[in-house]
Amino acid sequence: MINIILYFFSASAFLLFSTAAFISLKENEAFAVKRFSLLTIVSPLPFLSLALFDFAFKNEITIALFILIGGFVVVVLLPIGKNKNYRQTIPAQKQDERDIMFSRSELEPDSENFENYYSRNPDKKELDDNFRSQSGLLEPGTTQYNPFHFASADASFETIEKLRDFVNGEKSKNKIPVDPEEISNYIKRWSKKLGAVDCGVTALKEYHLYSVGGRSERYGKKVVNNHKYAIAFTVEMAKEMVSSAPSGSMIMESGRQYLESGKIALQVAKFIRNLGYEARAHIDGNYEVICPLVARDAGLGEIGRMGLLMTPKLGPRVRISVVTTNLPLVTGKPLNDYSMIDFCAKCEKCAAACPGKAIPFGEMKETGGIKRWRINPEACFTLWTSLGTDCGRCVSVCPYSHPDNILHNTVRLGIKNSSIFRALAVKLDDLFYGRKPRPAKLPDWLRIKIKNN
Ligand code: SF4
Ligand code: SF4
C-alpha cells in the first residue's frame, strides 16, 4: 500500500512540475522553464527510491516525507496571519494635481505658470531641472528610442488627447427611472463586454478628488465635482508587452490601455447621460480624481509598495479609468486585503529592480498624515525622460503580475491564506524568476529593423 502511495506521489510530482515547466514555456519565462524542468526530473526521485529500494530507516524517512508534504499543504491552505484589524489608509488632505510629474513636465520655462509654480515650490526647481535636461518621453536621443515603437505609443496618446473633449456633456432631459442594484450590475457586465477585466463602484469621497487641476485648460482651477458615486474600470496590460520593460513595448502598451480604459469610461459616461443623469469620464490627461484611490475603495485592489493599484489577479499590470456620476448605484466594499500589503512588506522585489532607485525598501512611513510607501516621483520621472518610455520595470517584475492561470492562481491562493506561505512565496518567486529578472526579449514582431536614411 505504501508503495502505491509513493508511486502516486512520484507521478504527481512529475505531473506538477512538468505542467509548471510547460506553462512557463508558454509564458516565455526561460529561467523558470529550466528550474521547473530540473524539478520535473529530480522531484519524483525520493519517492521512487523509497518505493524501489530497501535501506535502513526507510519507514522513518517515508513518514518524515509525508509529514513534510502534509505540513506544506496545511501552510498553503490554512488561514494563518490574517490581520482582521487592517484598514486602508485615508489621505489626510487632497492632492494638488499641479504637483504631479506630468503637470510639472508640461510647464513652459519662463511662462507665468512656470514662475508661479517654482516661486511657491522652490525646493522642486532643481529636481525638475534634472528631467528637463534629459531628451524627454518618446523623444529621439533617449536610450530606448525606436521610431516605430515611439510612433505607435504616440498614436495612442494622441488619440486619447482627441477624446478628452468628450468626457462630459449634456444629459438627456428624459430621465429614465432605474433600480440601483440592476443598473449597477448592468454597468459591470457591460463594461466587461467592452473590455474591462473588473469594475467596481464606490461613494465619491473628497480625498478621491484633486484639490486644483494641473493639466491643460484645467490648470490652476479648483476641482468641483458634486457627483455621489464613482465607477472604476481596470483593463489588463499584456504580459508580453510589459515583460521587456523598460523598452518601447512598455509605453506602447501603456498608451494602448489608457486608450482602451478611456474608451470604456467614455461610453459608460455617455450611456448614463443618455439615461438622464450627470456623468463625467476621467481618462488619461483629464482626471479630476486619483484613479488608484477610487479603484481601491471600489474593491478592485490595494495600493502596494510601488504606489500603484495592485489587483488580486493581475497585480499592477492594469490601467484604470473612472466615471463619476449621480446615477443611483450600489456601492461595493474595499477589499481590506491585508495579505497583499503583508506580501509587499516581505517582497521588496520592485524596490530591488527599480533602475531609478525610486521605490522605498522597508516598512511604510508616515507621510502627509498617513502611513504608506511613497515612491520618489522625481527619480522615477527623470529616469523616464532618459529612457524615453515610462520604464515599468517595477510592474514587470512584481510577482502579482504573473498571468492569471492555474499555476500562479494556486500561489495567489496560498499568499492570500497564509503569512508563512507569503514569506515562502517571495523566496520561490526569486528562485524561479530571479530576484532582479532581466528584461525579456522583445516579441519578434516588435523587432522591426530601423533603416538608415
Ligand atoms: S514587487 Fe513585491 S513589493 Fe513590489 S508591489 Fe509587487 S508585491 Fe509589492
Ligand atoms: S517605473 Fe521604473 S523608475 Fe519608476 S518606480 Fe517603476 S521601476 Fe522605478
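Predicted model: local features only at pLDDT ≥ 70, side-chain atom pairs only at ≥ 80, totals over all residues.
Visitor: Is Cys 391 buried or exposed?

Guide: Cys 391 counts as buried because its relative accessible area is 7%, and the cut-off for buried is under 20%.

Visitor: What about the phi of Cys 391?

Guide: Cys 391 has a positive phi of about 60°, although it is not a glycine. Most residues other than glycine have a negative phi.

Visitor: Which other residue has a positive phi although it is not a glycine?

Guide: Leu 138 is one, with phi at about 60°. Leu 138 sits in the loop between helix H7 (122-132) and helix H8 (147-163).

Visitor: Back to Cys 391. Which residues are around ligand 2?

Guide: Cys 391 is one of them; the others are Cys 354, Pro 355, Ile 359, Cys 380, Leu 383, Trp 384, Asp 390, Gly 392, Arg 393 and Cys 394. Helix H15 (377-387) and helix H16 (393-397) are the elements that give two or more residues to this shell.

Visitor: OK, now ligand 1. What is around it?

Guide: The shell around ligand 1 holds Arg 305, Met 306, Met 310, Phe 343, Cys 344, Cys 347, Glu 348, Lys 349, Cys 350, Cys 398, Pro 399 and Tyr 400. H13 and helix H14 (349-353) are the elements that give two or more residues to it, and H13 gives the most, with three.

Visitor: How many charged residues in that shell?

Guide: Three, along with nine nonpolar and no polar residues.

Visitor: What sort of space does ligand 1 take?

Guide: The space taken by ligand 1 is the largest cavity.

Visitor: H13 came up. Which helices do the buried residues of H17 pack against?

Guide: Helix H13 (338-347) is among them, together with helix H1 (2-26), helix H4 (58-77) and helix H18 (419-433). The buried residues of H17 are Leu 407, His 408, Arg 412, Gly 414, Ile 415 and Asn 417.

Visitor: What span does H17 reach?

Guide: H17 covers residues 406-417, twelve residues, and reaches 16 Å from its first C-alpha to its last, close to the 16 Å expected at 1.5 Å a residue.

Visitor: Changing topic: where is Phe 102, and what does it touch?

Guide: Phe 102 is in helix H5 (residues 101-105). Not counting residues up to four places away in sequence, Phe 102 touches Leu 137, Arg 215, Phe 381 and Trp 384. Trp 384 also belongs to the residues around ligand 2.

Visitor: Last one: which residues does a cis peptide bond join?

Guide: Ala 245 and Pro 246, with omega at about 15°. Pro 246 is in the loop between helix H10 (239-242) and helix H11 (248-274). Most peptide bonds are trans.

Terms used
Residues numbered from 1 in each chain as written. Chains lettered and ligands numbered in written order. Heavy atoms only, no water. Near = heavy atom within 4 Å. Helix = DSSP H or I, 4+ residues; strand = E, 2+ residues; numbered from the N terminus. Expected span 1.5 Å × (residues − 1). Buried < 20%, exposed > 50% of the residue type's maximum accessible area, 1.4 Å probe, protein only. Contact = heavy atoms within 4.5 Å. 1 Å grid on protein atoms, 1.4 Å probe; cavity = no way out; pocket = protein on both sides within 12 Å on 5 of 7 lines; lining within 4 Å. Sits in = over half its atoms within 2 Å of the grid points. Nonpolar A, V, L, I, M, F, W, Y, C, P; charged D, E, K, R; others polar.
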